[in-house]
Amino acid sequence: MPPKANPKKLNPLQARTLTILQVLGSSDSSCQREPETGRPFITNFPDAHGHHFHVGPYVVSGADATGLRNEAVWVALQRKGLAESRHPFGIVLTEEGLAYDTGLKSVVLHGSDH
């Protein structure tokens, strides 16, 4: 039997936010690595220009990123074991959070046109 889609039952806002955080967590310009665990501590969040912003090689619509600095979303991801909220300073993704397949990568992350 194939694995269940969205086993943590993330709501759409949580799933979109985690998708963006996964890209930020893979960029040394957006995060620092925790010395003890190597997990990404994301502290640098991109600012929108116009209706979008850039995350690594991707363009993200501002509408898809409304949870990016939202404490309630961070706490929900923590409760589900995908992150550790350190609001307002940043968020740490767990190994499970880095690997979680939201199924939204092609929906939220678009190739950059500039």
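Me: In this predicted model, which residue in E4 does His54 stand opposite?
Reply: His54 stands opposite Val59 in E4. Four bridges join E3 to strand E4 (residues 58-61), and the two run antiparallel.

Me: What makes E3 and E4 a pair of strands?
Reply: Two strands pair if there are at least two bridges between them. Four bridges join E3 to E4, so the two count as paired.

Me: Why are E3 and E7 said to stand at the edges?
Reply: The open sheet has three strands in the order E3-E4-E7, with antiparallel pairing. Strand E3 (52-55) and strand E7 (110-111) each have a single partner strand, so one side of each is left without a neighbour in the sheet.

Me: Why is H1 called roughly perpendicular to H2?
Reply: The axes of H1 and helix H2 (residues 71-79) come within 10 Å and cross at roughly 85°. Angles of 65 to 115 degrees count as roughly perpendicular, and H1 is therefore roughly perpendicular to H2. By class, this contact has six nonpolar, two polar and no charged residues.

Me: Which residues of H1 and H2 meet?
Reply: Leu13, Gln14, Thr17, Leu18 and Leu21 in H1 meet Val73, Ala76 and Leu77 in H2.

Me: How do you know whether Thr19 is buried or exposed?
Reply: Thr19, which lies in helix H1, has a relative accessible area of 2%. Buried means under 20%, so Thr19 is buried. Leaving aside neighbours within four places in sequence, Thr19 is in contact with Thr102, Leu104, Lys105, Val108 and Leu109.

Me: What makes the approach of Thr19 to the backbone oxygen of Ala15 a polar contact?
Reply: A polar atom of the Thr19 side chain lies 2.8 Å from the backbone oxygen of Ala15. The cut-off for a polar contact is 3.5 Å, and the distance of 2.8 Å falls within that limit.

Me: Why does Ser30 count as buried?
Reply: Ser30 is placed in the loop between helix H1 (12-24) and strand E1 (31-33). The relative accessibility of Ser30 is 9%, and the limit for buried is under 20%; Ser30 therefore counts as buried. Apart from neighbours within four places in sequence, Ser30 is in contact with Leu24, Phe41, Ile42, Thr43 and Asn44.

Me: How do you know whether Val92 is buried or exposed?
Reply: Val92, in strand E6 (residues 90-93), has a relative accessible area of 0%. With buried meaning under 20%, Val92 is buried. Residues up to four places away in sequence not counted, Val92 touches several residues, including Glu34, Pro40, Phe41 and Leu82. The C-alpha atoms of Val92 and Ile42 are separated by 6.0 Å, with the two residues 50 apart along the chain.

Methods
Residues numbered from 1 in each chain as written. Predicted model: local features only at pLDDT ≥ 70, side-chain atom pairs only at ≥ 80, totals over all residues. Heavy atoms only, no water. Buried < 20%, exposed > 50% of the residue type's maximum accessible area, 1.4 Å probe, protein only. Contact = heavy atoms within 4.5 Å. Axes fitted to C-alpha atoms, helices over the stretch in contact; angles between N-to-C directions. Parallel < 35°, antiparallel > 145°, perpendicular 65-115°, else oblique. Nonpolar A, V, L, I, M, F, W, Y, C, P; charged D, E, K, R; others polar. Polar contact = N/O pair within 3.5 Å; in protein donor to acceptor, adjacent residues only side chain to side chain.
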